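Please have the sequence and the structure to hand while reading.

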Amino acid sequence: VVCRDGCIEAVGQADVIRNQFAGATFERIIDCTGKCVLPGLVDAHTHPVWAGDRVHEFAMKLAGASYMEIHQAGGGIHFTVEHTRKATEEELFNTFKCRLERMRRAGSTLVECKSGYGLELETELKMLRVIESAKQSMDIGISSTYCGAHSVPKGKTAAEATDDIINNHLPKLKELKLSGEIHVNNIDVFCEKGVFDLESTRRILQAGKDIGLQINFHGDELHPMKSAELGAELGARAISHLEEVSDEGITAMARAKCAAVLLPTTAYMLRLKQPQARKMLEEGVIVALGSDFNPNAYCFSMPMVMHLACVNMKMSMNEALAAATINAAYALGKSDTHGSIESGKQGDLVIINSSRWEHLIYQFGGHEALIDYVIVKGKVV
């Protein structure tokens with residue numbers, strides 16, 4: 001039972017609920033006989049605001065070019081940055097809206113959305129305004145992330161980029177937050193060899209934390225950087241990727257209750273080694289999942305992400321479902337309101353046309369025929 005305010009009023013056995021609400025009137029009743037009701041899915045890592053897709057790079061990857069080789073040849077992030085800088089706010093909003101609708105159609109009701117294809121203040125703010133517009137106008141939950149340190153902009157050193165972010169970008173974000181124009185939730189840095197080193201990452205994340213942002217960053221993806229150890233030390237809410245995390249890093253994250261946002265799509269597309277999901281789970285790390293939707297990993301579907309997590313990262317279906325709901329909500333600091341079906345939480349639900357919930361993971365693709373309803377705040381969307 002979901003109340004008019006969009007929150008779950010009651011959960012329980014059908015006969016108990018019918019007795020409890022015998023005198024109540026409902027705007028809508030959905031017959032779920034023979035179906036499953038699941039929490040709305042949470043996508044804990046996406047880059048959905050950009051212009052300039054990179055379909056041409058897919059052939060290069062298939063022919064054996066590495067992520068960093070494409071990056072150094074002027075492709076990768078810089079290709080998208082160039083196109084995103086030229087795009088108008090309206091153009092970016094229209095494509096972003098379509099992408100969110102596709103994510104929602106695949107069962108995602110809360111999505112983390114990053115900036116990061118501007119790398120200079122004006123375009124980063126343009127992206128964040130687009131995310132803010134969607135927050136206000138669309139029936140989907142959004143956790144917004146400032147990711148100005150996604151790459152080192154052309155013509156700058158990493159040190160200069162770091163200073164620019166700390167001295168110019170973050171003070172402006174703080175000002176816009178105080179005026180109520182833009183509400184950013186998280187700060188992200190791509191901590192990687194040849195991008196932002198550990199010390200630059202530390203400075204940016206700390207400066208973000210100082211203005212009230214949750215730390216949620218890219219770490220230990222292509223090279224072991226000790227990102228996990230740094231995140232645990234800084235009180236990070238979550239760290240993403242972690243294909244190259246150290247044993248010490250895993251232990252530190254477990255102790256610090258820092259979530260690991262694993263991205264099976266990225267490891268699959270780039271043919272990287274898979275993140276050590278089993279080891280993390282056994283050591284007590286809170287494991288979450290994300291689609292990493294971006295021009296490099298073009299996937300909207302959390303059911304497909306869960307399937308890949310089970311097959312390639314050896315997670316059980318129960319672990320994958322938790323990782324795409326309650327744990328992903330935790331990674332965004334929202335597990336008190338999202339990620340499970342409990343009284344008082346937001347009424348975000350997915351109803352599938354099957355008597356076994358496992359079909360959501362077992363079926364690889366084709367979610368349009370499987371998912372009957374996606375519900376956000378009690379409203380069928």
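Leaving aside its neighbours within four places in sequence, which residues is K377 in contact with? The model is a predicted one, and in it K377 touches G6, Q346, G347 and D348 once those sequence neighbours are set aside. K377 belongs to the loop that runs between β11 (371-376) and β12. Although K377 and I8 are 369 residues apart along the chain, their C-alpha atoms are separated by 8.5 Å.

**Pockets and cavities**

K377 also has a place in the second largest pocket, where K377, K135, I140, G141 and I142 are the lining residues that lie nearest the centre. The lining of this pocket comprises 13 residues, which divide by class into five nonpolar, four polar and four charged.

The largest pocket holds about 1,500 Å³ of space, and its lining is made up of 34 residues, with V1, V2, F26, R28 and I30 lying nearest its centre. Among the elements that each supply at least two residues of this lining are α1 (14-20), β1 (36-39), β10 (349-352) and β12 (379-380); α1 gives the most, with three residues. By class, the lining of the largest pocket has 21 nonpolar, four polar and nine charged residues.

| Space | Volume |
|---|---|
| Largest pocket | about 1,500 Å³ |
| Second largest pocket | about 240 Å³ |
| Largest cavity | about 130 Å³ |
| Second largest cavity | about 50 Å³ |

**Packing of α5 against α6**

How do the axes of helix α5 (residues 89-105) and helix α6 (residues 121-137) cross, and within what distance do they come? The two axes come within 10 Å of each other and cross at roughly 50 degrees, which means that α5 is oblique to α6. The crossing in which α5 passes α6 is right-handed. On the α5 side the contact is made by E89, L92, F93, F96 and L100, and on the α6 side by K126, R129, V130, I131, S133, A134 and S137. Sorted by class, this contact has seven nonpolar, two polar and three charged residues.

Helix α9 (residues 227-234) packs with helix α8 (residues 198-210) at an angle of about 25 degrees, and the axes of the two are 11 Å apart. Because angles under 35 degrees count as roughly parallel, α8 is described as roughly parallel to α9. Here too the handedness can be stated, for α8 passes α9 in a right-handed crossing. The residues that make this contact are L198, T201, R202, L205, Q206 and K209 of α8, together with S227, L230, E233 and L234 of α9; by class they divide into four nonpolar, three polar and three charged.

Helix α9 also packs with helix α10 (residues 247-256), at an angle of about 20 degrees and with axes 8 Å apart. These two helices, α9 and α10, are therefore roughly parallel to each other. Is the crossing of α9 and α10 left-handed or right-handed? The crossing of this pair is left-handed, whereas α8 passes α9 in a right-handed one. In the contact itself, A228, E229 and A232 of α9 meet E248, G249, A252, M253 and A256 of α10, and by class the contact has five nonpolar, one polar and two charged residues.

Technical notes:
Residues are numbered from 1 along each chain as its sequence is written. This is a predicted model: local features need pLDDT of at least 70, side-chain atom pairs count only at pLDDT 80 or more; totals for chains, interfaces and linings use all residues. Side-chain values use heavy atoms; hydrogens and water are left out. Axes are lines fitted to C-alpha atoms, for helices over the stretch in contact, and angles run from 0 to 180 degrees between N-to-C directions. Helices (H or I, at least four residues) and strands (E, at least two) are DSSP runs, numbered from the N terminus. Angles under 35 degrees count as roughly parallel, over 145 as roughly antiparallel, 65 to 115 as roughly perpendicular and the rest as oblique. A crossing is left-handed if the near helix is turned anticlockwise from the far one by less than a right angle, and right-handed if clockwise. Contact means heavy atoms within 4.5 Å. Ala, Val, Leu, Ile, Met, Phe, Trp, Tyr, Cys and Pro count as nonpolar, Asp, Glu, Lys and Arg as charged, and the others, Gly among them, as polar. On a 1 Å grid over the protein atoms alone, a cavity is a set of points where a 1.4 Å probe fits but cannot get out, and a pocket is an open set with protein on both sides within 12 Å along at least five of seven lines; lining residues have an atom within 4 Å of a point. Grid points are joined across faces, edges and corners, and a volume is the space filled by probe spheres set on the points.
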